[in-house]
Amino acid sequence: MQADRDKTLRLLKTARGQIDGIMRMVEQDRYCIDISTQLMATESLLARVNADVLKAHIEHCVRTAAESGTPEEKEEKLEEIAHIIDKLNR
C-alpha cells in the first residue's frame, strides 16, 4: 500500500494555506500567541502527513524488501527506518 496521494496532496495544500495565513499575520503584526497557535497547528498537520507517509513506506517498501528483497535491500530499508526515527527524536 502506498501513501494516499490525493489525501497527502490535500493536506499539504492545507498546510501551505496555513503558512500563507501565518505570513499575513506576521505582516499585520498580529498578536504573538495567535501566530504561535497557528504555527503549532501547522506543525501538527505536517507531523500527521509525515506519519502517514512513513506508515505507507513501512507497509509497502519495507515489507516488500523484507519478503522478497536481497539481504542488502533488507538491511538498507531497516537502516532507513532507524535513521528517520533518529531524526524524529531530535
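**Salt bridges and their grounds**

Analyst: Lys77 and Glu80 form a salt bridge, with the closest N and O atoms 3.6 Å apart. The model is predicted: local features need pLDDT of at least 70, side-chain atom pairs count only at pLDDT 80 or more, and totals for chains, interfaces and linings use all residues. Residues are numbered from 1 along each chain as its sequence is written, and side-chain values use heavy atoms, with hydrogens and water left out.

User: Why is the contact of Lys77 with Glu80 called a salt bridge?

Analyst: The term requires a side-chain nitrogen of Lys or Arg within 4 Å of a carboxyl oxygen of Asp or Glu. The N and O atoms of Lys77 and Glu80 are 3.6 Å apart, so the pair qualifies. Both residues lie in helix α3 (residues 71–88), 3 residues apart; helices are DSSP runs (H or I, at least four residues), numbered from the N terminus.

User: What makes Glu80 partly exposed?

Analyst: Buried means under 20% relative accessible area and exposed over 50%, with partly exposed in between (1.4 Å probe, protein chains only). Glu80 has 31% relative accessibility and therefore counts as partly exposed.

User: Which parts of the chain does the pair of Asp52 and Lys7 link?

Analyst: Asp52 forms a salt bridge with Lys7 at 3.3 Å between the closest N and O atoms. This pair links distant parts of the chain, Asp52 being in helix α2 (residues 32–68) and Lys7 in helix α1 (residues 5–27), 45 residues apart. Asp52 is partly exposed at 26%, and Lys7 is partly exposed at 32%.

Technical notes: Helices (H or I, at least four residues) and strands (E, at least two) are DSSP runs, numbered from the N terminus.
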